[in-house]
Structure formats: structure tokens, C-alpha cells
Amino acid sequence: MSNPFVQIVEPLDPKQPLKKFFNLSKLEDVRYARLPFSIRVLLEAAIRNCDEFLVKKEDVENILNWKVMQHKNVEVPFKPARVILQDFTGVPAVVDFAAMRDAVKKLGGDPEKINPICPADLVIDHSIQVDFNRQSDSLQKNQDLEFERNKERFEFLKWGSQAFKNLRIIPPGSGIIHQVNLEYLARVVMDQDGFYYPDSVVGTDSHTTMIDGLGVLGWGVGGIEAEAVMLGQPISMVLPEVVGYKLVGNPQPLVTSTDIVLTITKHLRQVGVVGKFVEFFGPGVAQLSIADRATIANMCPEYGATAAYFPVDDNSIGYLIQTGRNKEKVMCTKMYLEAVGMLRDFKNPSQDPDFTQVVELDLHTVVPCCSGPKRPQDKVAVSDMKKDFETCLGAKQGFKGFQIAPDRHNNVVKFNFEGCGFELAHGSVVIAAITSCTNTSNPSVMLGAGLLAKRAVEAGLTVKPYIKTSLSPGSGVVTYYLRESGVMRYLSQLGFDVVGYGCMTCIGNSGPLPESVVEAITQGDLVAVGVLSGNRNFEGRVHPNTRANYLASPPLVIAYAIAGTIRIDFEKEPLGVNASGKKIFLKDIWPTRNDIQAVERQFVIPGMFKEVYEKIETVNKAWNALDAPSDKLYTWNPKSTYIKSPPFFDGLTLALQTPKTIEDAYVLLSFGDSVTTDHISPAGNIARNSPAARYLTSRGLTPREFNSYGSRRGNDAVMARGTFANIRLVNKFIDKQGPQTIHFPSGEILDVFDAAERYKQDGHPLIVLAGKEYGAGSSRDWAAKGPFLLGVKAVLAESYERIHRSNLVGMGVIPLQYLPGEDAGTLGLTGRERYTIIIPEKLKPQMNVQIKLNTGKTFHAIMRFDTDVELTYFHNGGILNYMIRKMAS
């Protein structure tokens, strides 16, 4: 391997003479020293694969001239070191691989060429639900039920781990993907193939960015794109802008990392970082632990950036040792990073690189806060929560409004629970969950919650029994240090027993609420509240009966659970009154950062991590006992309602089909802004009156056996019917929330799937109209696969979230974007027109195309194929078709 820019150096460590590396820091010109550290990783990844990907001299020049080239839509190819998946996105990926093997065989190729080339880890963490809580055996009961529901899926995944090389499965019950990645899987520096090189990763979960907090460059990609990477395809990306985020000052004693990240999320949404890298620098970074940094990086999708990168520093090296990594390897990691100029000193401004722009935050200005009631970026100071919620009650229906009539704001509904009488009102907390990778990976907030629980119990405070409380740690290490530090029993006394190791409430696996609570909410049409330490609170995501959901730190989750309502001013009103009649205020029991750090230093030790992770792949007995087939081709079971061979490759030929103009398309749905992938492809419960429910019933299943949409992503028949099935969907054609639309030829109002089927039977193509930030949220590939199966040929939106646009490209659905200054309103579009989209023979990245309406109106839109590689995929009908043709020929 040769390159005029690079000197290959060996050896770094005399004990490992084969470990070479590219000495990029010794480049003759000074441009490398001014590159953001995140761009340096991209440069190294491009050069390391220069023979394989034919990276040209000009590609390297383009990266070195990043500051000049970033606004010119210059694309560079590179290969991430690893791929990481979770089971909701991993199952459909393995289903696609199995179907691709069948397709390659039909076209005369070798099916075993469909195989991961780079290391791929799949962590099963999305399947477990909070069916049981507030019981000492809740964990075991939830895990048993998880296996009962998902045995088919788990057997299929176990087959995949045996049928495909380089695919490792981390069994259920091990933890949340991103925390397992942070504490165990991440290398920081790879030492493979005879080389040292920086670790980098793409994942099929949007919060893959959490690993950026450790100095590993990573981000979420569509499941379809991840499959291509696993098969050896490079990622081709336009050189991003890099926003430098400077942190200065010290956090106040009562502030948590959650408060910092919610503040940053709102700030960066205002700055506008969609499609950009954010790189953190400044002396304030040195004040943050790696867990704090990971919390900030985790929320990257919520502020819209591609990556949120913290370069490696001595704290990162210390974290590797703290989490039980091999000390010799850690020392080699540090030596390598020093040798190539990639070990950062945040207190040394001479190391600060050039950025596209710089924004700054003084950590001392951060105050305790929450975000909600419907979006992560809507930050509210805790001191303003009561007033803000009460304003939201009467405000117009929207992100900050529920449109409740003023005379109903103080409605109260009485109900009975376990033989006792209680009352619910607007703002009553019915779910309080310490959950998600965002916070449970951070010992400071978890121990903070434990210390607060201890002081609350000692002060005589309790949590009302009808509130669904839960604790779902990101890994077994969390339970270990909570138990060893003596706070676990206090959490349990308040109802926060460990209910499982997985995402759970954060992704909508919150399980059922008590029937009497649901009846009271329904009877009073109440805006009930969920409070969770998660990263997303989009409508309909957490639970169908919680219309308001707030993101909060784990200690605040407990505080609001004790209060029982969001309508409380903690500074003026007590959390509760104990048996002695004493009023207890939040300030009386809130632990300081110093209190928490003292406990963390004593109890979060390397031995815990070693003990938990050395047995992670074998500790689950139920997983070990699964019997999976060993054939290289999967034998599809036609009776299965979980695993089904998808129709994506039916009729695929080696010859390319020329893309055709889309003629006289109907609009299936018309949306406003911020339609999320939760709206497009829900992951939660399957409503009993939905097309998916009718399908499952026809297959002999009862509602108890429906499971969730997320668990059935291996079955296209369910997922197509679940597309646009969110109960909070707002379609401009309908005057109320719900998963319905107008079938224009008949004028009937139908479920979205049923309308799409009618159009398909009559041979009518479909499009979707949308506003800004279409496809925000999770990286779920079914948000693109589902519309494709419904017959949607194109989406016309004001802007797209990055991952969803990529997924649409991957499925061959055209992402169209209005010209600057135009939208449906300025163009006078109602969505009731018929649309003809002219597809020219010769296509270029981001070219304008003509759209003709049956009304005689004509306008132009940008075809958002951003690179030549994406156009290649489009000509093939999608990434997977391209890979099948490549492997078959």
C-alpha cells in the first residue's frame, strides 16, 4: 500500500513488530495540524483503504483542504472500522442478508459472498418490556416473558451468528447497545490487519454517536446503508462542516450532566447543525468525565448533527483502564495517538484546530432543567416547569400545546387502585422511568439518583403505588455499583427496582398501565405525564396514554415520582409531608456533585467491569439453550409471523432498469414539520383496530400475542401495515390525529395501509408531502422500507434529517426538496393534485427536476441524491439491489 502523502512507520511497540501505522502527523505541509480531529479520523480511514477503494491523490487533497472544500459538495469514500447493530434494526438486516443469499443464488452467484467483511456486533436490547415492576422478581419475570415472545427472533439471530462470519451476537439481558459499546466493545485504537489505526463505527441506531464521547468517531446510519458497509462497500459522504463547540467554566454543584446535555441540545438546534459534525473543545471539556461526554454525544441526533466528537485525551485513557481494558493495549493506544498527533490536551489552546464556526457555552450558566412535553429540544428550567406546563395546557395544539379548555384545567378524576382511593389531574405523573443509554451509562447521575432515594426514604417520603416506576440499567455494571454503594435498596423502596437490561420505556416498551389509571385518564381526557431519563419524547412514543412526556435526569425522575405531578414548584412547594407532618423540600435531599463524586471514586472500579464483561456472551442460559439451524441458506417458515422473506428482490435481474418518470401520482399523506420516524414506522404497541392487528388476527394470534412493531421488523407484511400507523399522526387531509387518510378516487377515509392498497391495485403511484425535518429521530430502516412497500415513489419535503434521507435513497425512494424559499404554502399545493415528476435520462447529484400538476401548474424541486454513489444506487433500485448484482456477477 503506497501513498505520496504517507509514511508507514513500524514498529510502535517492539513486542508487536507487525503493528504498523500511517504517520499522518509528519505530512510535509501544515494543513494536517489545522484539521479538526474528527476530520483527521476520516482522512486516516480513507488512506488506510486506498488500495481497496482506489482513493485518489485528489481525494486526500480534498480532505487536507477541508476548510475550502466543505461547501462544495465534495464526496470522499472511507470505510468505518466496525458496524454495530441492535436487534430491532439488526433482525431486518439479517433477514435482508438471508434473502440476498437466496437472490444471489438465483442469479447464479455464490451466496456465501453475502457475508460481513468488517467486524459487526449485534446487541439484543430492544425486546424487553416493563410488563412487571415494583416486585423483587420483576427482572426475571420480564426476561422470561421476553424469551416467550421473541423465541423465533432469537433463534433466527442465533442462526445468523453461526451462518455469517464476523457477526457477534451479545445476548439479551446484557445491557443497552451504546453502553456495552462504551464499556466493552470500543477499542479507541484498532490493532488489526498488521496496523494500528483509529477505531470508528457506524451503527443502525441513531444514538451510535454516544461513542464519540470516548474519542471513537461514530454515528448512526440507515440499516440498509449499514448492510452495504458490512458487505465491504465504502461510505461515501460529502465533506461535512465542523462546528467547534467551546466549553468553558465549571458546572454548578447541583447541576447534572443531563442538565448540560439538554442545554446543549436546545442551543445547537438554534445554531443549526443538521448534517454537520460538532467537535467539542476548550478547558471546560476537561471538567467533564467520559460518561458526561458520552451523555452529550448520545443526544447528537436530538440536535441534528451527524457526529458530536470529543477527541481522545488523558481522561479517555483513564476511562479505558477504569473499565477494565488490558493495560498493555491501553498504553499502546496512548503511544500511537501521541505519535500521530491525535492525543488532545483541552487546556492547550495551541492544539485548537480550525472550525467552520465556533459557538461557546459557559458551563456555570447551566441550570437544572427538563425537556418537553413533546420534543427533546424544548428545554424548560425546572424552576419554570409548573408554569410552562400550565401554559401548554391551554395553548393551541402543537409541540407546546394541548388545547385544553380553560374551565377544564383543574379537572380531577377519582379512582381506586389496590383498594385505595386516589386522584388524577392534568399533569399527574403516571410513568417515572430511569431508562435509556443516555443516562444509565453515567455513574454520576445514577449514583445521584441512588443518594437522593436514600435521603428521601430516610426523610419518610414515598411514591404513590399507581405510578409505574422502573429502573432499566444500561449494563450489569450499574446494578453492581448501585448495590455495592448501598443505595439499591432505597431505590427499590421507592419502586425503582431493576426491571431489565434494555431500552424499555425510552423506546416505548413501557408496558401496560393499570386499567384503573387508564380509565381515569380516558374519563377526564387528562394530559397525563411520563417522566423519563431518556433521549426522546416524541408523541405516541413512550405510551399511548401519556400525552406529555418530559426528559429529565435520574434524580429528577425520582423527585417528580415522589411529587406525583409535574405541576410543582420545587423551590416553594414541598415534595411531600412525612409521617411526622414535616414538609420535605427537594433541596433538603438533593446530593451535590462532590457528594456523588466521592461515592463514584470509591465504588466504580475496574474489577466490576471485568467481572461483568468476561462472561457477557455466555451468561444468559436461555440464550445458550436455543437450538438454531446451521445451514448457510435460511429455511423460511411460511407460518412465522416474525421472520419472513421480504419481497424487495422479487423479479430482480442482472440487467439495470432505466428509471422512469413518475406519472400522475396521488398524494398519500400531507404533513407539516417534524414528522419523525416514530410517526412513519412506530416501534410500540400494535393497536387492536389497526391493519397490522387485523393481519395478525387472521393468522390466528390473540391481542396478547401481538407483541410490538419493533419486535416484528423481520416480517414485511406486519411492517407495511404498520407504516404511518402512529396514533398521534397529524395528516393535513384529516381534521383529527390518527393513522388515516383520504382515498381521493373514492373520497373515502381509510387507514393509510388500506388506502395505499387501493391505489396499488389500480396502478397509481404515490408520493408524500412534508415540511421541515422530515424523518427526524431513530434510524429505523422500516421508515423507508414501509413507504416503499406501500407504493410511495417519492417524498417532497422542505428538509430531511440525514439518516432518513439516506434510508430513502437506499430503498430507491426519491427524496425531493423544495427550492429555497418555497414550500407547499408558497406554491399553493393542497395535496389533492396529481403529480408528474420528470426523471431525466442523465442525472447529476442534487439536480433540479420538473414537477407537473394535473392543474397545469409546473414547478421545480431538488432531487436529493447528494453523491454519484447515491445515483448509482438509484439506478439499481437501491443499495441492496446494487450489492446483489455486484456479488452475483
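A residue is called buried here when its relative accessible area is under 20%, exposed when it is over 50%, and partly exposed in between, with a 1.4 Å probe and protein chains only. The model on screen is predicted, and local features need pLDDT of at least 70, side-chain atom pairs count only at pLDDT 80 or more, while totals for chains, interfaces and linings use all residues. Residues are numbered from 1 along each chain as its sequence is written, and side-chain values use heavy atoms, with hydrogens and water left out.

**First stop: Asp 292**

Select Asp 292, which counts as buried because its relative accessible area is 5%, and which is found in helix H11, residues 290-298. Helices (H or I, at least four residues) and strands (E, at least two) are DSSP runs, numbered from the N terminus. Residues up to four places away in sequence set aside, Asp 292 touches Ser 257, Asn 442, Ser 444 and Arg 593, where contact means heavy atoms within 4.5 Å.

**Second stop: Asn 535**

Is Asn 535 buried or exposed? Its relative accessible area is 2%, so Asn 535 is buried. Show its side chain together with that of Thr 438, and a polar contact of 2.7 Å can be drawn between them; a second polar contact, of 3.4 Å, goes to the side chain of Asn 298. A polar contact is a pair of N or O atoms within 3.5 Å; within protein, one must be able to donate a hydrogen and the other to accept it, and residues adjacent in sequence count only if both atoms are side-chain atoms. Beyond its neighbours within four places in sequence, the contacts of Asn 535 include His 207, Met 299, Glu 302, Pro 376 and Leu 551.

Select Gly 372 and Pro 373, where the peptide bond from the glycine to the proline is cis, with omega near 15°. Pro 373 belongs to the loop between strand E16 (369-371) and strand E17 (379-381).

Then pick Asp 664 in strand E26, residues 662-670, where phi is positive, about 50°, although the residue is not a glycine. Asp 664 counts as partly exposed because its relative accessibility is 36%.

Phe 724 is another residue other than glycine with a positive phi, in this case near 60°, and it lies in the loop between helix H28 (716-721) and strand E27 (740-743). With a relative accessibility of 1%, Phe 724 counts as buried.

**Fourth stop: the annotated span**

Colour residues 693-818, which an unreviewed UniProt entry annotates as "domain: Aconitase A/isopropylmalate dehydratase small subunit swivel"; UniProt positions are given in the numbering used here, feature names are shortened, and annotations may be inferred rather than shown by experiment. This span is 32% helix and 18% strand, and its end C-alpha atoms lie 36 Å apart.

Helix H30 (residues 782-790) is the next selection, and it is largely enclosed by the rest of the structure because 8 of its 9 residues are buried. Among the buried residues of H30 are Trp 782, Lys 785, Pro 787 and Leu 790. Gly 791 follows H30 and has a positive phi, near 100°.

Gln 817 is placed in strand E31, residues 814-818, and counts as buried at 16% relative accessibility. The side chain of Gln 817 makes a polar contact of 2.7 Å with the side chain of Arg 864.

Select residues 879-888, helix H34, which is mostly covered, with 8 of its 10 residues buried. Those buried residues include Ile 879, Leu 880, Met 883 and Ile 884, and what covers them includes H6, helix H9 (223-230), helix H31 (802-810) and helix H33 (868-875).
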